[in-house]
Amino acid sequence: FHNGPILTMDGPRLDDGAVLVAGNTITFVGPLAWLDALRRKRATAVDLRGRALLPGLCDAHLHLTLAAVEHAALDLRGCETTDELVARLSGRAAESAPGAWIVGHGWERHRVLRDTAASREALDAAAPDHPVLLTSKDLHSAWFNSAGLARVDALPRLPARCVVERRDGVATGLVFEDVFALKDALLPAASADARIDALRPYMEHLAACGITAVHSNEGVEELAVVRRALRGEGTRVRVLQNLVFESPDALRAGAELFDVGVPGWLATGGVKLFLDGSFGSQTAAVTNPYAGTDDRGLLTITPRELDGWLEVVAAMGRPAVMHAIGDRAIELALDGLARHPGPPGTNHRIEHGQLLSDHLVARPDLSGRVFSSQPSHMLSDRDIVGRHLTDPNGRRWAYAHRTMLERGCPVVF
């Protein structure tokens with residue numbers, strides 16, 4: 001590869017450089033003049049024509065098998081109105097067998113429901129003969145039609161953190177939080193083979209986007225699926241798997257799972273914990289209420305419960321990987337880590353960390369904390385911050401990446 005800027009991310013840019021690859025191994029990186037004539041003669045030259053060559057990207061926050069399955073679902077990304085979403089749903093209903101679930105993903109509340117309230121009847125009109133479940137882009141909301149809600153009502157019990165939105169006592173079709181667990185309770189579980197079949201084309205999709213490694217956050221069952229997929233042939237990505245457990249006792253019992261891997265392709269990381277919801281669903285735990293309401297979002301775990309988790313995590317010498325979006329949730333995370341820091345050098349992570357505050361920035365223990373943030377959420381949350389976080393704190397401290405860096409916090413995307 002030559003005739004384009006080469007960025008190694010480990011030294012200055014090479015403007016007149018070359019990269020030589022033999023099979024799956026990079027055998028040379030340096031100035032083109034250093035590459036001997038014999039190797040240049042034997043190699044197939046790829047002219048970059050001025051385009052940059054850089055290492056593969058690592059996505060530091062993904063739910064790999066879920067994303068693979070969702071990749072094949074009805075795509076609702078980019079819908080700007082309820083009418084647009086309904087039109088896509090109607091098209092999928094026309095090609096689906098009556099009675100079969102229609103599953104979609106990717107709608108954004110601040111766009112689709114910008115000028116109207118959620119309505120299960122809107123989905124009924126598009127898919128009268130199917131139960132419908134549409135998950136939001138942030139994976140913290142699910143929108144059902146009447147047939148889908150009937151299946152929800154028939155469950156023996158809802159997952160612990162689920163909140164069914166009601167208007168005048170009648171369910172609107174929206175359900176917040178614990179969407180993964182609710183979906184698992186409603187839909188026939190995809191077999192391991194089916195998920196592996198979904199993973200293969202999805203890993204090809206990731207590679208085509210330049211993503212060659214991911215940090216995935218999923219359960220124990222998914223670890224086995226990913227392991228099988230990465231042992232196979234074809235395009236693969238490297239995976240660091242953070243594990244989700246049902247309870248601290250389950251974590252203790254599953255300690256040996258952290259030894260599972262595929263050399264060069266799969267390694268285990270930390271323990272994923274959920275402390276609050278999301279901005280998109282207005283369930284992120286914030287100190288100041290959302291505009292025009294008394295609502296400060298949801299803390300999905302108590303300090304005592306968090307202590308129970310962190311005691312086990314610290315004893316195992318593993319990092320905690322804590323979903324904390326609002327400033328109130330980040331405060332809970334920092335307080336918990338102050339009580340249970342774990343062994344020296346443990347790199348605990350705060351996932352998302354989308355809203356700081358004057359108080360948080362002033363805390364000495366903020367320095368050095370790793371934040372895993374997603375720039376793509378900035379675009380979808382821009383209108384939400386403008387509409388619903390109208391207090392000075394919200395305007396000043398949303399997505400404060402520069403401040404994180406200035407306070408000595410590693411920030412990964």
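His352 has its place in strand 14, where strands are DSSP E runs of at least two residues and helices are H or I runs of at least four, both numbered from the N terminus. This is a predicted model, in which local features need pLDDT of at least 70 and side-chain atom pairs count only at pLDDT 80 or more, while totals for chains, interfaces and linings use all residues. Residues are numbered from 1 along each chain as its sequence is written, and side-chain values use heavy atoms, leaving out hydrogens and water.

- Most residues other than glycine have a negative phi.
- His352 has a phi near 85°, a positive value in a residue other than glycine.
- His352 counts as buried at 5% relative accessibility; buried means under 20% relative accessible area, exposed over 50%, and partly exposed in between (1.4 Å probe, protein chains only).
- Asn3 also has a positive phi, near 70°, and is found in the segment before strand 1 (17-22).
- Asn3 counts as partly exposed, at 43% relative accessibility.

- Eight strands form an open sheet with parallel pairing, in the order 3-10-11-12-13-14-15-16; two strands pair if DSSP finds at least two bridges between them.
- At the edges are strand 3 (57-62) and strand 16 (411-412), each pairing on one side only.
- Strand 14 (residues 349-352) and strand 15 (residues 370-372) are joined in the parallel sense over three bridges, and the bridge partner of Glu351 in strand 15 is Ser372.
- Helix 11 (residues 303-316) packs on this sheet, touching strand 12 (266-274) and strand 13 (320-324), with contact meaning heavy atoms within 4.5 Å.
- The direction of helix 11 makes about 160° with that of strand 12; axes are lines fitted to C-alpha atoms, for helices over the stretch in contact, and angles run from 0 to 180 degrees between N-to-C directions.
- Helix 12 (residues 327-339) packs on the sheet too, touching strand 13, strand 14 and strand 15, and its direction makes about 155° with that of strand 13.

- Six strands form an open sheet of mixed pairing, in the order 4-5-6-7-9-8.
- Strand 4 (74-75) and strand 8 (163-167) stand at the edges with a single partner strand each, so one side of each has no neighbour in the sheet.
- Strand 4 pairs with strand 5 (residues 102-107) in the parallel sense over two bridges, and Leu74 stands opposite Gly104 in strand 5.
- Helix 7 lies across strand 5, strand 6, strand 7 and strand 9, at about 40° to strand 7.
- In helix 6 (residues 146-153), Gly148, Leu149 and Val152 are buried.
- These three cover an arc of only 100° around the axis, which puts them on the same side of helix 6; the arc is that of the directions from the helix axis to the C-beta atoms.
- The buried residues of helix 6 pack against partners including helix 5 (120-126), strand 9 (170-176) and helix 7 (179-186).

**Cores and cysteines**

- The largest nonpolar core has 67 residues, and Leu64, Leu273, Leu275, Phe279 and Leu356 have the most contacts inside it; such a core is a set of buried Ala, Val, Leu, Ile, Met, Phe, Trp, Tyr and Cys residues joined through side-chain atoms within 4.5 Å.
- Among the residues that Leu356 touches are Ile330, Phe371, Trp397 and Met404.
- A second, separate core of 20 residues includes Cys79, Leu134, Trp143 and Phe176.
- The count of disulfides is zero, a disulfide being a pair of cysteine sulfur atoms within 2.5 Å.
- For Cys79, the nearest cysteine sulfur is that of Cys209, 20 Å away.
- Cys79 is buried, with a relative accessible area of 1%, and Cys162 is buried at 13%.

Conventions
Lists of a residue's contacts leave out its neighbours within four places in sequence.
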